[in-house]
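Here is a short report for a reader new to this structure. Look over the chain below, then read on.

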Amino acid sequence: MNLNAVNRCIAVTATILLAVVFSPVSTVAQRYVDVEPAAEYREKGFVLDWLSNPDVQEKYGMMSDAIWSYAELGMQEFRSMKILTDDLEQNGFQVERGVSGMPTAFVATWGSGRPVVGLMAEYDALPGLSQQGDVPHQQPLVPGAPGHGCGHNQQGPAVIPAAVALKAAMEEFGIQGTIKVFGGPAEETLISRVYMARDHLFDDLDAVLANHGGSRLGTRYGVSGNAIFSTVFTFTGRTAHAASPWTARSAQDAVEIMNVAANYLREHLFYTNRLHYVIVDAGEAPNVVPDHASVWYFTRNTDDRVEEMHEKVINCARAAALATGTEMSYRVLSAAHQSRAPKSLAVLAQRNIELVGMPAWTEEEQAFAREMQRELGEEETGLPTEVERLRYWDPETTFTGGGSSDIAELQMQTANITVGIPGAVPGDVGHHWSRTAGNFGSATHKGIVTNAKVLAATLLDLLTMPEELQLVRDEFETQAAEHPYRTFLPEGTEPPIDLNKELMEKWRPLMEATYLPYPGMEIEH
Ligand SMILES: [Zn+2]
C-alpha cells in the first residue's frame, strides 16, 4: 500500500481497534452455548414481512454501496451522515445533528414514553484501503485513497430499515415506546461514544443494539478487550543549522528518548498491557534541527490499570523534555473502557438469529467468495450457510490483553450487544483490501436485510415482553452497580473534530468520480 507517514500511522493503529469484536483470533478463550429459535408472533411476523419486501433490500443495498463509495474517514463523514439522516427524517424520525460537539454525530428519535430502545450505527472508513467492489484481487478504485475495509458502510443501511419496520409495527399494533437511532462517527479512532457517553446520551435507554459486518450472523457476550488512552505528545524545541547545533534543542531527540523510556517501562507493566506508538511529526531535513515533533500513543490495559499506566507514559514524556531542554504538551484524543455485553440481551438476539437464519446465496456469490479465498491462500469454503452459535468470553480464562472499542462507553450506560452482518468472505482480512471488496454488492445487501430482521425482532421482543426487558435491565443494573460509569477523559477534553480533515480534503476531489449514485445525493459543482 502506498501510504504517507500519517496515513500509515492511522492504518496501523486502526488495525488493532476492532479486533476484539469480530476477530477470529482472540486472546481470551471463547465458549459456546446453544439457544432455541425465538417464537414468531403476529407483530414479529409483520416486522419480518415488512423487511422481506424486495424494495427494502434494493434501497438499503444501494445506500450501503453509496456510503462504501464515499469512504469518509472518522470525523469527516459528512456525506455518509447526510444520506442516513435524510432517510431517517423522510421516515418520520426527528434528527438532531452535531451532538456532543461532533459535526458528524447524530441522534434520531421517534415515539414517546418507555421503553426506550436504541440502534447504533458507525460509518467511518479506513485510510489506504481503496478497492474495486466485487473484484477478488487487489485493485484500488483510487490508489492510496480511503476504503471501507471494516464494513461500517453497512451498519446504517441495516439499522435504519430495522428502526422503520419497528416503527411501522408500533403504529399498526399500538405498541408503546420510543426508538432512538444513534450515529457514532470515528469508531476506528475510538472517539464518538466516549464523548456521547460523557454527555449522558445513553442514560435513559433500556437497551441499544449495534451491528458489524463480517462473514457470520452471530453475537457474543461477556467482558472483553482492553481499556485505552489515545494521546498525542508534542515537543517544542529550538531550531538551528544542524552543523552548528549548540543553541538548538531537538524536539525529535525528545520523541526518541520518550520512546526509549516507554520501551523500558514496558517490561514492568502488568502483562495485560498493550503499548504502541507512531511518530507523526519529526522534522523535514537532516540539516535543520527539528523544533517540533509529535508521537501518538495508544496505552491499553484493564479498566483498573489503564489510568496508572497512562500516568507512567506521561512521565516518560516529561523525562524526555527534561533531558532535551524542550517543552512538552499532550492531548488526550480519547479514552475508553473495556467492553461489557450482557448475556440476557445476547440470548434474546441469538433466538432471533436462529429464527431468521442465513440468507440464500447465489452460485455467483459463492464463486466470488471461493475465488477470493483462493487469492488469499485460504480454504475454499465459500460463504457460510449456517448461523453462528452464541459465543461468550470465558471469565475463568487468563486475560492477556487485546483490542478496544469506544462502544464500551455506551455499554457502561445501557445494555448493548453487537449482531453480525453476514456477507463478507470467510478468511478475508479486516482492515485490508479484501474486506473492502467483500463489503460491497449483492451478498452484503442480503446481509443487511438479514441483520435488520434480527435487530428489529429483538427490539420488538423487548417492547412486547416485559419479563425479557426486566431480565436485561436487572443484569445491566447489577453490572452498573459493580462497575459504575465514569469517564476516563481528563476534564475539559474536547473531541478532535479536525482529525482526518486534511486527508479528506486531499482525497475527496479524487474520489468524487467514483461515487455511486443515490437519489438526493448528487454532487453540486
Ligand atoms: Zn469495524
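## Confidence

The mean pLDDT (the predictor's confidence in each residue, from 0 to 100) of the protein is 93, and 94% of its residues reach 70 or more. Residues 1–26 fall below 50. Beyond near neighbours in sequence, this stretch has 55 contacts in the model. Two residues are in contact if their C-beta atoms, placed from the backbone, lie within 7 Å. Where pLDDT is low, the predicted coordinates should not be read in detail.

This is a predicted model: local features need pLDDT of at least 70, side-chain atom pairs count only at pLDDT 80 or more, and totals for chains, interfaces and linings use all residues. Residues are numbered from 1 along each chain as its sequence is written.

## Overall shape

The C-alpha trace spans about 80 × 50 × 45 Å along its principal axes. Of the 525 residues, 54% are buried. Buried means that 20 or more other C-beta atoms, placed from the backbone, lie within 10 Å of the residue's own.

## Two domains

Domain 1 covers 40–223 + 338–502, and domain 2 covers 227–336. These bounds come from an automatic or database domain assignment. Their centres, taken over C-alpha atoms, are 35 Å apart.

## Helix H6

Helices are DSSP runs (H or I, at least four residues), numbered from the N terminus. In H6, 14 of the 19 residues are buried. Glycine 174 follows H6, and its phi is positive, near 65°.

Key
Buried ≥ 20, exposed ≤ 12 C-beta atoms within 10 Å, placed from the backbone. Helix = DSSP H or I, 4+ residues; strand = E, 2+ residues; numbered from the N terminus.
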